[in-house]
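Dear colleague,

I am passing on the structure below, and would be glad if you could look through it alongside the notes that follow.

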Amino acid sequence: MSYQDTVVGTWNGNILFSALVELTYRCNLDCFFCYNDLALRGRLMDTSDYERFFRDLASLSCLHLTLSGGEPLVHPRFFEIAAKGRDLGFVLRIKSNGHALRGQTLRRLKEEIDPFVVEVSLHGARAETHDRQTRVQGSFLRLLANFEEMLRIGLRFKINTTLTRWNEGEIEEMSALAERLGAPLVFDPDVTPRDNGDLSPLEIAVTPEGRRRLFSFGKPDDVMRQGSASLPAADSRKHCGAGSSGIAVDPFGNVYPCVQWRRPVGNLHERSIRDIWARNDELDEVRRLSEEVKRNLAGGGPGLYCPGTAEGLTGSPIPGLPLHPSSTAF
Amino acid sequence: MTTEAAVYRTKRDVRFRVVGNEAVVVRQEDAEVIALNEVGASVLSLLDARRSVREILDVLLEQYDVDRESLSGDVARFLGELLDAGVVEQA
């Protein structure tokens with residue numbers, strides 16, 4: 001049996017296999033198109049909440065754990081929480097902007113946590129572009145220096161780039177930079193609305209010409225959506241693993257089918273993930289919708305279609321409704 | 001050569017979970033994923049740096065209807081494969 005078969009099995013069998021946890025919405029950068037809802041309020045998850053949650057995840061066979069944000073490294077208990085993930089045997093991914101990945105913090109991450117990979121955001125191949133998006137002067141040069149330091153200590157990292165109209169002219173240069181660093185580079189071709197529905201990030205969504213350039217330049221494997229942590233499962237009856245094999249959790253314990261599909265299905269302060277996963281009408285509906293999306297796209301449709309983003313934009317996850325221009329076929 | 005007194009553990013970079021009736025093993029250093037069948041998953045779950053191969057055989061004999069001699073040979077071969085694949089090491 002291949003790993004692909006395993007992934008298909010988790011989608012079809014509703015086996016919780018991967019979880020993305022947004023530890024905090026605090027950040028040391030100020031990206032123009034950040035999708036976090038910074039006005040969201042609630043009771044923050046504390047270290048003991050995370051420990052209980054992680055134990056439950058492990059008991060459900062969950063293997064992949066991604067710590068995200070905001071910037072996860074600015075969480076005051078980041079190392080304590082990540083170490084619990086390491087001790088419980090997760091394949092740990094850290095999604096970071098890379099700004100703090102230097103010096104003692106970097107060494108601690110490598111020595112104490114040893115994540116499977118750190119996914120670092122790159123916003124352009126030039127300082128003026130990268131810094132324009134992060135809105136922090138000097139962030140590009142600092143990131144380049146941090147990349148070199150990561151290489152020196154042997155931290156496994158990959159580079160994620162959300163393509164925007166500000167950086168779409170630098171696809172080749174970013175690719176060359178990644179190649180020089182020996183790091184995989186993955187483009188996400190879709191800027192998404194903020195989680196509160198604010199559409200202003202779409203002001204810098206990539207142009208149709210930029211999308212064409214990306215797909216004429218890149219291999220299909222180089223292009224994927226932010227939420228698609230698992231392999232595409234052509235043999236599955238579902239479109240994706242959202243709510244079937246994966247979940248996302250915000251800093252206040254709200255559980256969603258996916259980082260892109262912000263339809264709450266429970267809260268970890270009120271119910272354990274074991275309970276949420278076992279009995280949940282909302283999750284059942286998401287799973288049903290995923291099958292419906294798959295059937296609707298069977299005759300061809302927009303590549304990299306994301307039902308979560310579609311729901312945020314149109315109110316429905318089902319293809320066929322008019323989407324934002326950046327999300328149409330390329 | 002694997003002896004029944006030997007004790008094994010998974011290597012530091014190895015992560016795994018039993019999913020359904022198989023095990024998914026990830027070797028982080030090489031970004032390699034290995035899938036093991038039900039028996040392989042059982043053996044891997046028992047490699048806790050404390051149990052000897054003999055004790056593991058005792059546990060497996062309670063789970064599977066097989067004679068000790070053939071099971072011992074199969075487990076020894078399997079542990080050899082896991083050693084070669086960089087999944088386990090002697091504790």
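How many residues of chain A are in contact with chain B, and how many of chain B take part? This is a predicted model, in which local features need pLDDT of at least 70 and side-chain atom pairs count only at pLDDT 80 or more, while totals for chains, interfaces and linings use all residues. Residues are numbered from 1 along each chain as its sequence is written, and chains are lettered from A and ligands numbered from 1 in the order in which they are written.

With contact taken as C-beta atoms, placed from the backbone, lying within 7 Å, 15 residues of chain A touch eleven residues of chain B. Helix 1 (residues 3-13) of chain A supplies the largest share of the chain A side, five residues, and that side divides into eight nonpolar residues, seven polar and no charged.

Chain A itself has eleven helices and nine strands (DSSP runs, H or I of at least four residues and E of at least two, numbered from the N terminus). Of its 330 residues, 47% count as buried, a residue being buried if 20 or more other C-beta atoms lie within 10 Å of its own.

In helix 5 (residues 127-134) of chain A, the buried residues are A:T129, A:H130, A:D131, A:Q133 and A:T134, and these pack against helix 6 (139-153) of chain A. Just after helix 5 of chain A, A:R135 takes a positive phi of about 60 degrees.

With best regards

How values were computed: Buried ≥ 20, exposed ≤ 12 C-beta atoms within 10 Å, placed from the backbone. Contact = placed C-beta atoms within 7 Å. Nonpolar A, V, L, I, M, F, W, Y, C, P; charged D, E, K, R; others polar.
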